[in-house]
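Hi,

Here is the structure I said I would pass on.

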Amino acid sequence: MTPDIVIRGGLIFDGFGNPGRLADVAIGDGKIVGIGQIERSGLAEIDADGLFVTPGFIDIHSHSDYTLLAEPRA
């Protein structure tokens with residue numbers, strides 16, 4: 001299977017407090033399908049050299065105050 005996207009050469013952080021490691025991330029059909037040395041080319045390639053990559057993280061941080069109106073106990 002050809003990945004939709006391959007993010008190459010980023011410093012990968014897994015969210016468990018482990019040290020970062022240089023690796024590639026392959027994404028296919030909206031999901032992570034591989035982390036490591038990805039040999040196949042993706043339909044799109046992203047050069048992450050010098051960047052941090054945090055696969056699987058969802059940042060829900062927001063500066064919206066709307067939630068205070070919807071949920072006053074917030």
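Below is what I found, starting with how to read it.

This is a predicted model, where local features need pLDDT of at least 70 and side-chain atom pairs count only at pLDDT 80 or more, while totals for chains, interfaces and linings use all residues. Residues are numbered from 1 along each chain as its sequence is written, and side-chain values use heavy atoms, with hydrogens and water left out.

Let's start with the strands (DSSP runs of at least two residues, numbered from the N terminus). E1 and E2 run antiparallel and are joined by 6 bridges; strands count as paired if DSSP finds at least two bridges between them. One of the bridge pairs here is Ile-7 with Val-25 in E2. E2 also runs antiparallel to E3 (residues 31–36), with 5 bridges. These two make a hairpin with 2 residues between them, and Asp-29 in the turn has a positive phi of about 55°.

Next, the largest nonpolar core: Ile-7, Ile-12, Ala-23, Val-25, Ala-48 and Val-53. Such a core is a set of buried Ala, Val, Leu, Ile, Met, Phe, Trp, Tyr and Cys residues joined through side-chain atoms within 4.5 Å.

Now for Asp-24, which sits in E2. Asp-24 is buried at 11% relative accessible area (buried is under 20%, exposed over 50%, partly exposed in between, with a 1.4 Å probe and protein chains only). Its bridge partner in E3 is Gly-36.

Cheers

Terms used: Helices (H or I, at least four residues) and strands (E, at least two) are DSSP runs, numbered from the N terminus.
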